[in-house]
Each structure stands twice: as C-alpha cells, then as structure tokens.
Amino acid sequence: MTIAAPRSQLSTHEVFNQPEPRLRDPFADDPALRGALGPDLGADADLIALGAALGSAAMREAARDAQTRLPELRTFDRAGRRIDEVHFHPGYHQLMALGLEAGYAATAWDGTGSHLKHAAINYMFSQVEPGVCCPMTMTYAAVPALDANPALATLWQPRLTARGYDPTRRPVAEKSAVTLGMAMTEKQGGSDVRANSTRAVPDGEGYRLHGHKWFCSAPMCDGFLTLAHLPEGISCFLVPRWLPDGSRNAFTILRLKDKLGNKANASSEIEYDGTWALLLGEPGRGVQTIIEMVHHTRLDTAIAPAALMRAALAEAVHWAGGRTTFQRRLIDQPLMRAVLADLALESEAALLLSLDVARAFDDPARRPYARLSVALAKFLSNKRAPGMIYECMECLGGMGYVEDTPLPMLYREAPLNSIWEGSGNVICLDILRTLIKEPEAGAQLKARLDAARGLDARFDAALVAHRSRWPNLPPEAEARWFAESLAMLLTGAVMLADSPVAGEWLTTRLGEARGTITGAMGAIDAGPVLARV
Ligand SMILES: Cc1cc2nc3c(=O)[nH]c(=O)nc-3n(C[C@H](O)[C@H](O)[C@H](O)COP(=O)(O)OP(=O)(O)OC[C@H]3O[C@@H](n4cnc5c(N)ncnc54)[C@H](O)[C@@H]3O)c2cc1C
C-alpha cells in the first residue's frame, strides 16, 4: 500500500516580493539615449524597429541560446576531410541577421545613416547579446581599410554593406552579403604586432601565408584582414575563407578559446599553411593599413562598455522598484537611491562621451579629435564598467549573482572591451603618441575643453588643476593618471553641453564631497537622475 504524501500547507511558493523580469525595449525605454541622439535620430524609424525587436521575447530567447548553447568546432567531415567549421545555435544566426539587416555594418557607409546611427545600433545590441557584436563590428570597421586596394574594394565593400546576412560557405563573388574579421594577434605579440612571425611568399598575383594567429574571433567570416612579413616589412593581407574556384582556402582552426565571457563568439586559434591571400596596401605598411580598421573597431569598444552599464543599471533600477525590504521599496530608501543615482550618472556619462566620439567620426574635419577622443573614451568607460556593473549586481542582492538574471553575463563581458583593440596601457601610450605626432588632435581637444570654460566652477577648477599638473606631456609611467584626468575633463565638457544632469555629475565626480566607492557621496537629488533610466 502506498501512502500519498500530504500536500504542503506552507505558503513558500506564493511569490510576492520577486520583481518579474522585464522585456525592456533598448530604444523606446531609454530617454537618455533618445535625447542624446537628437530630434531626428531620436525618432528614427529603423532604430525604433530595432529597439522593438531587441526587446521582444523571441530575441531575448535567441540571445540566451546564443550565450548558453556554445559554438562547436567541427574539424572534419564524416569522410575524414578537414572542414574547419564552427557550428552555431540558430539563435546566433537570428541575431546576426537582425543586426546586419538593421544596418549595423552598413549605415555609416551606404548613405542611409552615419557613424552616430551605427553607434546607437551597437549600443542597443551590446545590451542584449554582446558576442555577436564582434563579427558585426569587424565587418563595419573593415570597410574603409579596403580602400587601400581598389579591386578588393570593388568586390568586397558592396557585400559588406549589403544589409543582409548570408552564412553559406561560398566564394565572396557568389554571395550578396559577407562578413569580415581580423587576425593580428600571435603568441609572440598582440600589442606589439611587429613581433609577429607569420611570413608571406609571393605566388602569382597573390601570396601564400605561413604561420599562425593566436586570436581569431569569428572564424566563420568570409575573410580576414591579417598581418604577415614581407622583405619590405610587416604587411596587410586579405585572406578569403573560400577560394574563387569554390574550394576551401588552407585555414586550420586549431581550437576554440575557453573564455570568461563573450560566449556566443567563437574566438579561435588558427594556422596558415600555404594560405592564399591578397595584399592590401603597400608592402611594409601593414600596420598603417590595418590601423584604419582598428580606428573604427575602437569606436565600438568605447560604446560597448556604456551599453553594458546601461543594461546593468536598468536591471538594478527595475529590481529596486519592485523589491521591498524593511517595509519600504528599495528604490525609496535614501541610501539605495544614492547608489542608483550614482550608477545612473556613470551610465549617462559613458553614453554621452561615446556618442560625442561617434559624432566626430562623422566629420572628416574632426578626424584628429576622433582619433584622440576614441582612445580617451575607450580607456575611461572600460576601466569603470566592471566595478559599476558589479554594483548593479549587488543592488539585486543574491539574485544578481544568479544566471537567471543578465547580471552575470554582463559582468563577465565587462573587462573585454578594455583588453582587445589596444589594452589599457597601450591606449594610454597611444594617447601620448597622438599628442606628440598629431598636434592638430591636441589642438582640437583643447578647443573642445576650452569651449566649456565658464559654464561651471568645478569644471574650470579641474581644468586649471590638470593643466598645472601637466604643463607638458607626462612621463610614460604617469600616462594612466594623465589619460584618466583628460577623459574626465572631456566627459565634463560633454555633459555640460548635452546633459540635464550635468550638475549632479560634476558635483559627484569633480566636486569634493565624495569617497571612491559607488554611492559614497553627499546627497544629491536622485529624482531627476533616476527619471532618465
Ligand atoms: C575574446 C578575445 C577575442 C579576441 N579576438 C581577436 C581577433 O579577432 N583578432 C585579433 O587579432 N586579436 C584578437 N584578440 C586579441 C587581443 O586584441 C589581444 O589580446 C590584445 O591586443 C593584447 O595583446 P596580447 O594578448 O598579446 O597582450 P600583450 O601585448 O602581451 O600585453 C599584455 C599587457 O601588457 C600591456 N603592455 C603592452 N605593451 C606595454 C608597454 N609598452 N608599456 C606598458 N604596458 C604594456 C598591455 O596593455 C597588456 O595589459 C582577442 C582577445 C580576446 C580576449
């Protein structure tokens, strides 16, 4: 005889103090973004549609699948022939199609938009699934680098900017839409690419490459910009994944990296063994050629941390609004309000700084400023993102540490944009180098800062302090302090020009009533700041 277990009389499954997940539209539900984009882009039909798609349950599910059903390396076909392919979950392909069709890689180049619009697309996408942004960003960034070879530009550029996604494996000429990756880093050197050992040997109209790349994200791209040595020096090449005759190029994927985050993106180690490639730019000028691509990928590495912060902040504010402790909603508790307001200021400042940089990308006359400001924004926002996102995580208490919420994913993602495309120190040294080699960059930055003088006493005092501390460039060992100070001043100038909460930012960042930890500051009026989240 079996005895039925008694039904529990306990009410532990009656849930009333756990905020429900929110499907946030990263455009419609972001007044700070829409305001910062201005009246036209702030009401742009493409961005409205993309926001709605990214906020949908279907895309959130696709993102979760892409992050948790990991890419799989398939080295051989069943007959034992090498194929070196990566198999992705359909969610990955869904997101790639959404982004590329929305103009992620195209809108800055095809006359329909701008780098600012591209920045807005990246900002929204990075909040939902940052891994797929890597191949889309590289595709966007490769477009101007191809100008170095008119024949390659004619073949590739229309397909890179085609507003479509075609993951089939075929030669580029047979496809209407393609993606392009980058493979520079080797075991011997990432920042110092001149230490690379890959060699190129002429072969007819092309070259054969012999060597390896230690990091090659998105190895299923249709082609890659890569570096290899010629007798003239390190040179830039385009490696197509498939040869014009329809056969596979020699492109061995040794393994996929087991990474902290960025899980949807299949970062790999690859080997060149007689790999066919075409020269891009002049022999011996490879770094100068590929730097055009790096300049544009850097824009995205300055936007992405702002996006990750925004996504984390939205979760924190939503949670605090729906969670009660000690008979009061968290969002109504003064200390939690201070923490959230501080986090919101951090998020808004990073957003405005990155959009200011994107605007400079749209103005050829401000190219020197763009080169300098993108480095300042990349450095500052990425250094602040991990700590900021951790604080957002803590606002959720224990649930912030649990994978049911997006906080663990965002936290794992947070350090990445600082590391690639020029790690922190390298970026700071690059800032010094730009100031020495491109006086116009320093002059344009100075003009930007001077334009903000007289608007706020705290800003003025900080500017005077910076200039007295560094009448000239600092010694190399002080480059981080110098870059941080300059980036904070630039943020102050941007906030003063564009943000209704500039006063709160200046009080808490350049004023004195503040410790170094989030929320450790004198009271500010949190209402207007939180109203923008
Ligand atoms: C997930 C992921 C994906 C990636 N995808 C790609 C890809 O698709 N293609 C690609 O080419 N690369 C890729 N990378 C590689 C990335 O760009 C490099 O890791 C990065 O450029 C740093 O190079 P490194 O690892 O060789 O470090 P190193 O160059 O050895 O640098 C190590 C540290 O030393 C510091 N440093 C270097 N020089 C100096 C100096 N003179 N003074 C003071 N400090 C210094 C750096 O800032 C860094 O902190 C990827 C990396 C990651 C993590």
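A polar contact, as I use it today, is a pair of N or O atoms within 3.5 Å; within protein, one must be able to donate a hydrogen and the other to accept it, and residues adjacent in sequence count only if both atoms are side-chain atoms. With that in hand, a nitrogen atom of the ligand is 2.9 Å from a polar backbone atom of Met 182.

Before going on, some ground rules. This is a predicted model, in which local features need pLDDT of at least 70 and side-chain atom pairs count only at pLDDT 80 or more, while totals for chains, interfaces and linings use all residues. Residues are numbered from 1 along each chain as its sequence is written, and side-chain values use heavy atoms, with hydrogens and water left out.

Back to the ligand. Ser 191 has a polar side-chain atom 2.5 Å from an oxygen atom of the ligand. Asn 425 has a polar side-chain atom 3.0 Å from a nitrogen atom of the ligand. Taken alone the ligand exposes 970 Å², and the protein buries 66% of that; these areas come from the Shrake-Rupley method with a 1.4 Å probe, and for residues only the protein chains shown count as cover.

Which elements give two or more residues to the shell around the ligand? They are β3 (180–183), β5, α12 (416–419) and α13 (424–437). Helices here are DSSP runs of H or I with at least four residues, strands are runs of E with at least two, and both are numbered from the N terminus. The largest share of the shell, 3 residues, comes from α13. There are 20 residues around the ligand, and Met 184, Thr 185, Gly 190, Ser 191 and Ser 217 come nearest; a residue is counted there if one of its heavy atoms lies within 4 Å of the molecule.

In the loop between α12 and α13 sits Glu 421. Glu 421 has a positive phi of about 60° although it is not a glycine. With a relative accessible area of 19%, Glu 421 is buried. Buried means under 20% relative accessible area, exposed over 50%, and partly exposed in between, with a 1.4 Å probe and protein chains only.

Asp 84, in strand β2 (residues 82–87), also has a positive phi, near 50°. Asp 84 counts as buried, at 5% relative accessibility.

Next, strand β9 (residues 268–280). Arg 208 stands opposite Trp 276 of β9. Strand β7 (residues 233–240) is also antiparallel to β9, with 3 bridges, and Leu 238 has Leu 278 in β9 as its bridge partner. Strand β8 (residues 252–256) is antiparallel to β9 as well, with 4 bridges, and there Arg 255 is partnered by Glu 269.

The buried residues of α7 are Leu 152, Ala 153, Trp 156, Gln 157, Arg 159 and Leu 160. Seen down the axis, they fall within an arc of 165°, so they line one face of the helix; the arc is that of the directions from the helix axis to the C-beta atoms. Pro 150, Ala 151 and Thr 154 are exposed on the other side of α7. The cover over the buried residues includes α6 (133–145), β3, β6 (223–230), β7 and β9, where contact means heavy atoms within 4.5 Å. At the start of α7, a side-chain oxygen of Asn 149 reaches to within 3.1 Å of the backbone nitrogen of Ala 151.

Helix α2 (residues 45–54) can be described in a similar way. Its buried residues are Leu 47, Leu 50, Gly 51 and Leu 54. They cover an arc of only 100° around the axis, which puts them on the same side of α2. They pack against α1 (31–41), α3 (57–68), α4 (90–101) and α5 (115–128). At the start of α2, a side-chain oxygen of Asp 44 reaches to within 3.0 Å of the backbone nitrogen of Asp 46.

Last, His 115, which is found in α5. Is His 115 buried or exposed? At 5% relative accessibility, His 115 counts as buried. The side chains of His 115 and Tyr 140 are joined by a polar contact of 2.8 Å. Leaving out residues up to four places away in sequence, His 115 touches residues including Trp 109, His 296, Phe 361 and Asp 362.

Definitions and conventions
Two strands pair if DSSP finds at least two bridges between them.
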